[in-house]
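Open the model in your viewer and keep the selection panel at hand.

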Amino acid sequence: MARREIMKIGAEILARKAAPVEAIDNGIKTLAQDMVETMHAAPGIGLAAPQVDSAVRLITVDLSVGEKLEDLYILVNPEITAQEGSCVREEGCLSVPEVWEKVTRPQKVTVRALDLEGREQIVEAEDLLARALCHEIDHLNGTLFVDRLSPLKRSLIRKKFKKAAAKKA
Ligand code: K2U
Ligand code: ZN
């Protein structure tokens, strides 16, 4: 178990479509455990593998942030198979520090995925759990929540981080 560095907006891997997990081997299981530890330490209620520099379709979600084991989801090759309704709520992202903006998302989603034992699981989610699942699956498709804001807001935010990165370089 080890925490991993969280990639920030501007990192190419965050804009790429992650590859499906072909075999749930020890590498994937170690990555999953490291993602759980990194998510809890952030703290966060979700994390996607590209955020820790691994371009594979693996996400972790835990609304209890480590308090309740039954709240932890480790989902391999997750897919949204149904969605319903719409709601707006402020979102943040561990890869876009200090930015909180309202994002419209489905109120309910059904997600089909494999668990680390390779068993298929169907997750019926609503409200914040639905939002976290959509937010993390977006990461697997190279979409950040800022890409769902108005073009003006999105360009202002991207420019701000580009300038900060240039200063650091
Ligand atoms: O993927 C990430 O960057 C972690 C996100 C996940 C998330 C964002 C907005 C709404 C749902 C999930 C967050 O940074 S985790 C931090 C957090 C904590 C409590 C409530 C919302 C977000
Ligand atoms: Zn995020």
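Residue classes come first: Ala, Val, Leu, Ile, Met, Phe, Trp, Tyr, Cys and Pro count as nonpolar, Asp, Glu, Lys and Arg as charged, and the others, Gly among them, as polar. This is a predicted model, in which local features need pLDDT of at least 70, side-chain atom pairs count only at pLDDT 80 or more, and totals for chains, interfaces and linings use all residues. Residues are numbered from 1 along each chain as its sequence is written, chains are lettered from A and ligands numbered from 1 in the order in which they are written, and side-chain values use heavy atoms, without hydrogens and water.

**Stop 1: the second largest pocket.** Select Lys-8, Ile-9, Pro-97, Phe-161, Ala-164, Ala-165 and Lys-168, which line this pocket. By class, that makes five nonpolar, no polar and two charged residues. A pocket, on a 1 Å grid over the protein atoms alone, is an open set of points where a 1.4 Å probe fits, with protein on both sides within 12 Å along at least five of seven lines; lining residues have an atom within 4 Å of a point. The space here is about 170 Å³. Volume means the space filled by probe spheres set on the points, which are joined across faces, edges and corners.

**Stop 2: the largest pocket.** Its volume is about 400 Å³. Select Ile-45, Gly-92, Cys-93, Trp-100 and His-135: of the 21 lining residues, these are the closest to the centre. Now colour β4 (87–91) and α2, the elements that give two or more residues to the lining. α2 gives the most, with five. Helices (H or I, at least four residues) and strands (E, at least two) are DSSP runs, numbered from the N terminus. The lining holds ten nonpolar, five polar and six charged residues.

**Stop 3: ligand 1.** Ligand 1 sits in the largest pocket, as more than half of its atoms lie within 2 Å of the pocket's grid points. Around the ligand are 13 residues (a heavy atom within 4 Å). Ile-45, Gln-51, Leu-94, His-135 and Glu-136 come nearest. Helix α2 (residues 127–140) supplies the largest share of this shell, five residues.

**Stop 4: polar contacts.** These are pairs of N or O atoms within 3.5 Å. Which distance separates a polar side-chain atom of Glu-136 from an oxygen atom of ligand 1? It is 2.7 Å. For the side chain of Gln-51, the distance to a ligand 1 oxygen is 3.0 Å. For His-139, it is 3.4 Å.

Methods
Polar contact = N/O pair within 3.5 Å; in protein donor to acceptor, adjacent residues only side chain to side chain.
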